[in-house]
Amino acid sequence: MTTPLDTPIGPNTAATSAWLTQIVPNYDSYWVQCDLTTGDGLHKRLMKLDEQPAGTPHARQSAGLLYRLDDTPTGPLILAQTWHRPDLTALPDDYGQAETRDMTAFLNHLQQGQQVRYRITANPVRSRSLRVRRDIQTTHGLRELPPDRVPLAGADADQWWTNRAEQAGLAIHNLSQTTPPAILMKAQRGQRRYRHTLLTFTGYATITNLYATRDAITTGIGRARAYGAGLLSLAPA
């Protein structure tokens, strides 16, 4: 399922308004090439659309920024959602074609029991307690503690999404699992480089808790929201 600008994609009542921006990037642009090298590079670019005052704590959360890359025959399509109308003039002149729309009207038409199509790129992981990590370290003679989160795949990832969808007020009827554009998985924090394990889930569902669904659409689902995960898109089935 693609998500063109004229496909309804909802925000929710947790914010006074929400705006969806679609960017068809110009792959000849130097800035696009730089931003699509890593997920955090694209994140920094999109933050400029709703830039917070210097020193704002938790700037991404304050802006309500969620974003995702969708594969298309011509390359990744950038979707970004913010709580305030974005300033598209913050994009370089040759960055590509960008459009935005207020999603509040679609939100108001979401209904309890409505059948919808959904799409989300998420970071399905399982957390491990410190005790479990120490047991693994001792058992395998590791010099360092293993990571506190384990990426999920296959049936485990499907179950993760089904559980998260239920919390978001969606009863999943079916789902398919694909891998999103790989650039989202690469990030850098200081001198440390790492990868996020992201999966895209699509399918059909029923809205069972309207308020939970609206909240999930606006605030996102799961971890790695600063790296292209968590943006939930809905369209009438």
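Strand E3 (residues 77-82) is largely enclosed by the rest of the structure, because six of its six residues are buried (buried: under 20% relative accessible area, exposed over 50%, partly exposed in between, with a 1.4 Å probe and protein chains only). Strands (E, at least two residues) and helices (H or I, at least four) are DSSP runs numbered from the N terminus. This is a predicted model, in which local features need pLDDT of at least 70 and side-chain atom pairs count only at pLDDT 80 or more, while totals for chains, interfaces and linings use all residues. Residues are numbered from 1 along each chain as its sequence is written, and side-chain values use heavy atoms, with hydrogens and water left out.

**Strand E3 and its partners**
- In a regular strand the side chains alternate between the two faces of the sheet.
- From E3, Leu 77, Leu 79 and Gln 81 point one way, Ile 78, Ala 80 and Thr 82 point the other way, and all are buried.
- E3 pairs with E1 in the antiparallel sense over five bridges (two strands pair if DSSP finds at least two bridges between them).
- Ile 78 in E3 stands opposite Ile 23.
- Strand E2 (residues 66-70) also runs antiparallel to E3, joined by five bridges, and Leu 66 has Gln 81 in E3 as its bridge partner.
- The hairpin of E2 and E3 has six residues between the strands, and Gly 75 there takes a positive phi near 130°.

**Thr 21**
- Thr 21 is found in strand E1 (residues 19-25) and counts as buried at 1% relative accessibility.
- Its side chain makes a polar contact with the side chain of Thr 100 at 3.0 Å (a pair of N or O atoms within 3.5 Å; within protein, one must be able to donate a hydrogen and the other to accept it, and residues adjacent in sequence count only if both atoms are side-chain atoms).
- Not counting residues up to four places away in sequence, Thr 21 touches residues including Ile 78, Leu 79 and Ala 80 (contact: heavy atoms within 4.5 Å).

**Salt bridges**
- The count comes to three salt bridges (a side-chain nitrogen of Lys or Arg within 4 Å of a carboxyl oxygen of Asp or Glu).
- Arg 45 and Asp 35 meet in a salt bridge at 2.6 Å, N to O. Arg 45 lies in helix H2 (residues 39-47) and Asp 35 in helix H1 (residues 30-35), so the pair ties together parts 10 residues apart in sequence.
- Asp 70 meets Arg 68 at 2.8 Å and Arg 119 at 3.0 Å, and Arg 68, Asp 70 and Arg 119 are linked in a network of salt bridges.
- Arg 68 is buried at 0% relative accessibility, Asp 70 at 2% and Arg 119 at 10%.
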